[in-house]
Amino acid sequence: MTVALDKPRSPRRPAARRSNFEMISWLFMRISGVALVVLVLGHLFIMNIVDGGVHRIDFAFVAGRWASPFWQIWDLSMLWLAEIHGGNGLRTVINDYARKDSTRFWLKIMLYVSMVVILLLGTYVIFTFDPNISAN
Ligand code: HEM
């Protein structure tokens, strides 16, 4: 005797078009979120609370911090993780709320362009910061 199962009623996409992108992006939001707790709360604590907080931040303070590869890597990780985490989060918000295809398309183009500009600019500043720059 053979037992035949009905085909599933929900439409299936062809296998070739399936990708793990949304699953990887879901996982990335959780992992980057955990890293951001440490990076962002550490940053807030150091910049705003300990040792005089925000009042001691000036050019010399920034120059002193970025002389150390540790803080360069801290700030670089925070920049990339927050930008990609925030950008990917906004991608979800746009997908959820934009009603027209064209609105969704252009909002996402603006988002991706702003992400690339901020990532490149921020990375450039961290690595090319010159503590001996003259005022004139
Ligand atoms: C402090 C550490 C953070 C943790 C633990 C965290 C965690 C998360 C998680 C787990 C999600 C996914 C929620 C979901 O899929 O429903 C999420 C979404 C999001 N996160 Fe964060 N996040 C943090 C920091 C940030 C920062 C610094 C930004 C901005 C740069 C940001 C912007 C967003 C946005 C825009 C979304 C999408 C919201 C939505 O889907 O409604 N998050 N966050």
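**View 1. Overall course of the chain.** The chain holds 4 helices and 0 strands, where helices (H or I, at least four residues) and strands (E, at least two) are DSSP runs numbered from the N terminus. Read from the N terminus, its elements follow the order α-α-α-α. With a radius of gyration of 22 Å, well over the 14 Å that the globule rule gives for 136 residues, the chain is more spread out than a compact globule; this radius is taken over C-alpha atoms, and the rule is 2.2 Å times the number of residues to the power 0.38. The C-alpha trace spans about 85 × 35 × 25 Å along its principal axes. This is a predicted model, in which local features need pLDDT of at least 70 and side-chain atom pairs count only at pLDDT 80 or more, while totals for chains, interfaces and linings use all residues. Residues are numbered from 1 along each chain as its sequence is written.

**View 2. The shell around the ligand.** The ligand is surrounded by 13 residues, of which M29, G33, L36, G86 and G89 are the closest; a residue is near the ligand if its C-beta atom, placed from the backbone, lies within 6 Å of it. Helix 1 (21-48) and helix 3 (69-97) each contribute at least two residues to this shell, and helix 3 provides the largest share, 7 residues. By residue class, the shell comprises 7 nonpolar, 5 polar and 1 charged, with Ala, Val, Leu, Ile, Met, Phe, Trp, Tyr, Cys and Pro counted as nonpolar, Asp, Glu, Lys and Arg as charged, and the others, Gly among them, as polar.

**View 3. The contact of helix 3 with helix 4.** The axes of helix 3 and helix 4 (residues 101-128) come within 10 Å and cross at roughly 175 degrees, which makes the two helices roughly antiparallel, a term used for angles over 145 degrees. Axes are lines fitted to C-alpha atoms over the stretch in contact, with angles from 0 to 180 degrees between N-to-C directions. Residues of helix 3 including L76, W80 and L90 meet residues of helix 4 including L107, M115 and I118, contact requiring C-beta atoms, placed from the backbone, within 7 Å. The residues of this contact divide into 11 nonpolar, 5 polar and 5 charged.

Technical notes. Parallel < 35°, antiparallel > 145°, perpendicular 65-115°, else oblique. Contact = placed C-beta atoms within 7 Å.
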